[in-house]
Amino acid sequence: MATAAILAREPWRQGLRVAGLSHRFGFRRVVDHVDLAVPPGEIHCLVGPSGCGKTTILRLIAGLEILQEGEIAIDGKVVAKPGFAVPPERRRVGLMFQDFALFPHLRVEENVAFGLAHRPRGEREARVKELLRRVDMERHAKAYPHTLSGGEQQRVALARALAPAPDLMLLDEAFSALDTTLRAQVREETIAILKETGTPTLLVTHDAEEAIRVGDRIHAMERGRIVQSGTPAELYLRPEDLFVAGFFGPVNRFSGTVRDGFVVTPVGRIAAPGHASGAAVEIVVRPEGVELVRPRPPAPVRALVLERRDLGPVHLVLLRMPDGAVVKVRRDRPLDIAPGEEVEVVLDPAHVFVYPSHGTG
Ligand code: ATP
């Protein structure tokens, strides 16, 4: 109860709203008409290839970059529009970046108290104590950052970011410096606190699993634009472009040309509705969409099993198609096949996607 009382605050009315945000460095537009809203209590993930503008968006929201075009509002108050900027320290935004840089000359408790200078001493001390307890770092209150492990420093950074009860949290690859086990643990703790406090959060990550695990919604970006927004399931089931289709894990990719509504690929003929005859297309076939059956003559496509790996919950197979293409297969049940055998490939259309090849990476 004490935690709830200390961390509680007025309910958020509006969260984050970004409208028509564009940004150039020199002549290059790195953010292109981005609209985005993170309601209170939700965690949204911004994902996309390196250099697509994710960090720039976070920096604009935090006020670390001067806004050129568009508008940013936090909790219903405009904090930036052309010619107007609330200074970063008055935006009530908590930041956690990969290089979270605690102040090296300040003890842990002083780091956490940093954003609370204006609070009465008693209240400040109670809040620091409570936050350190919440991130399980109370016993390190007097320590200096360099004496702490990476995970411990990250937890202190979280406590510091949360201490002033921010109206918005921005996390940029905040967990990537940690090893896998610690990463999952610190991430889960962080998300639990953000959910508990209802803090709207925008998180930038390269890591698909991270986005799927923590994101209420994912915004997929490419070349400065948001190309698709939705729940993780929506993006998985209906990826609107190549990047999104490949975001959830390794895929099989082919190129081809549409003839009369179909495109011929190494794994068979694939329907390409909506694509004109003669159009060049890129095809994505997810490994989980390739089923293997015993060949029944005349099998339309026979494949040679190259390799089979049973990894517990998943079973991976590599196939070589008649034209030499190597195809990844992923099933959730063990398969009764062995390397050297021939199989027939059947595709599940739910895991097959066709995109126009122009402008794709
Ligand atoms: P990553 O995932 O690699 O961190 P990102 O999607 O966060 O990438 P940004 O850091 O927003 O990408 O950068 C977008 C583009 O803008 C990049 O091409 C980058 O080189 C360029 N850029 C970023 N900051 C500046 C700057 N201060 N001056 C000039 N160009 C910049």
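How far is an oxygen atom of the ligand from an N or O atom in the side chain of Thr55? The distance is 2.7 Å, a polar contact (a pair of N or O atoms within 3.5 Å). The ligand has an oxygen 2.5 Å from a side-chain N or O of Ser50. For Thr56, a polar side-chain atom sits 2.5 Å from a ligand oxygen. On its own, the ligand has 630 Å² of accessible area (Shrake-Rupley, 1.4 Å probe). The protein covers 59% of that.

A word on the source. This is a predicted model, with local features needing pLDDT of at least 70 and side-chain atom pairs pLDDT 80 or more, while totals for chains, interfaces and linings use all residues. Numbering runs from 1 along each chain as its sequence is written, and side-chain values use heavy atoms, leaving out hydrogens and water.

Now the shell. Residues around the ligand (a heavy atom within 4 Å) include Phe25, Arg28, Pro49, Lys54 and His206. Helix H2 gives the most, three residues. S2 and H2 are the elements that give two or more. Helices here are DSSP runs of H or I, at least four residues; strands are E runs, at least two.

On to the sheet. Five strands make an open, antiparallel sheet, in the order S2-S1-S4-S5-S6. Pairing takes at least two DSSP bridges. S2 (28-38) and S6 (84-85) are the edges. S4 (69-74) and S5 (77-81) pair over three bridges, with Ile74 opposite Lys77.

Conventions
Polar contact = N/O pair within 3.5 Å; in protein donor to acceptor, adjacent residues only side chain to side chain.
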